[in-house]
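Visitor: Could you show me how to read helix packing and salt bridges in a model like this one? I would like the general idea and then the case at hand.

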Amino acid sequence: MIRVLLIDDHQLVRNGLRKILESAGDIEVIAEGATGEEAIELADKLSPDVLVIDVNMPGIGGVNAAKQIRRKHPDIQIIVVKAMRHEAFSYALQEIGVLGYLSKSSNPEEMTDAVRTVNEGNIYMSRDVAQQLALAKAPGDTASKMSELSDRELQVLLMITKGMRVQEISESLFLSPKTVSTYRQRIQEKLGVNNDIELTYWALRHNIVELH
């Protein structure tokens with residue numbers, strides 16, 4: 001049996017994914033979580049074969065969680081789901097060592113095939129993700145701008161666009177408010193925006209975050 005850890009902040013999504021995966025017969029969902037912090041905690045505790053995780057989640061988010069898990073547990077293979085609304089995330093996650101890329105529109109067969117494929121150490125991309133990766137990457141496009149952000153800056157960007165204040169981000173990341181403000185200023189400079197409102201609009205316009 002392939003032991004899977006499932007992380008998504010929506011209970012209905014987790015229920016659906018669990019049903020799809022466990023109907024395969026050779027896949028077992030050993031635990032679920034709703035945040036990046038829970039992903040790290042459960043990965044440390046359970047050492048699953050495969051982690052299936054949504055990037056856009058509360059807390060530290062899926063990108064940073066995936067990075068920490070890959071660093072601590074290189075044998076755990078990772079599939080990201082719904083994260084590939086834009087190719088910029090793809091390149092950041094490839095550098096981490098993520099092997100699987102799916103969207104929420106992927107069919108059940110793709111989900112189970114992805115788990116089996118990455119469990120063997122091979123890359124799996126759904127068709128829509130592959131198409132997005134093939135998009136133009138001319139200088140000045142979203143992928144180029146996003147690639148200029150450090151992992152921490154990307155993390156702070158996602159938190160800001162979720163409406164978190166500097167103090168909240170500071171407490172969540174164990175950073176000083178001054179350091180968070182510095183990250184925010186660097187993000188704005190790199191992306192060519194002037195404030196948090198423009199930053200959030202930019203992220204929405206380029207499908208980096210979604211309205212819920």
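Guide: Gladly, beginning with a helix pair. Helix α10 (residues 177-191) packs against helix α11 (residues 196-205) at an angle of about 55°, and their axes lie 11 Å apart. Axes here are lines fitted to C-alpha atoms, for helices over the stretch in contact, with angles from 0 to 180 degrees between N-to-C directions. Helices are DSSP runs of H or I with at least four residues, numbered from the N terminus. Angles under 35 degrees count as roughly parallel, over 145 as roughly antiparallel, 65 to 115 as roughly perpendicular and the rest as oblique, so α10 is oblique to α11.

This is a predicted model: local features need pLDDT of at least 70, side-chain atom pairs count only at pLDDT 80 or more, and totals for chains, interfaces and linings use all residues. Residues are numbered from 1 along each chain as its sequence is written, and side-chain values use heavy atoms, leaving out hydrogens and water.

Visitor: Which residues in α10 and α11 meet?

Guide: Contact means heavy atoms within 4.5 Å. On the α10 side there are Arg184, Ile187, Gln188 and Leu191, which meet Asp196, Leu199 and Trp202 in α11.

Visitor: Now for charges: how many salt bridges does the count come to?

Guide: Side chains of opposite charge can pair when their charged atoms come close. The rule asks for a side-chain nitrogen of Lys or Arg within 4 Å of a carboxyl oxygen of Asp or Glu, and the count comes to nine salt bridges. In one of them, lysine 72 pairs with aspartate 44, with the closest N and O atoms 2.8 Å apart. This pair links distant parts of the chain, 28 residues apart: lysine 72 is in helix α3 (residues 61-72) and aspartate 44 in helix α2 (residues 36-46).

Visitor: Where does the pair of arginine 116 and aspartate 113 sit?

Guide: Both are in helix α5 (residues 108-119), three residues apart, which means a separation of about one helical turn.

Notes:
Helix = DSSP H or I, 4+ residues; strand = E, 2+ residues; numbered from the N terminus.
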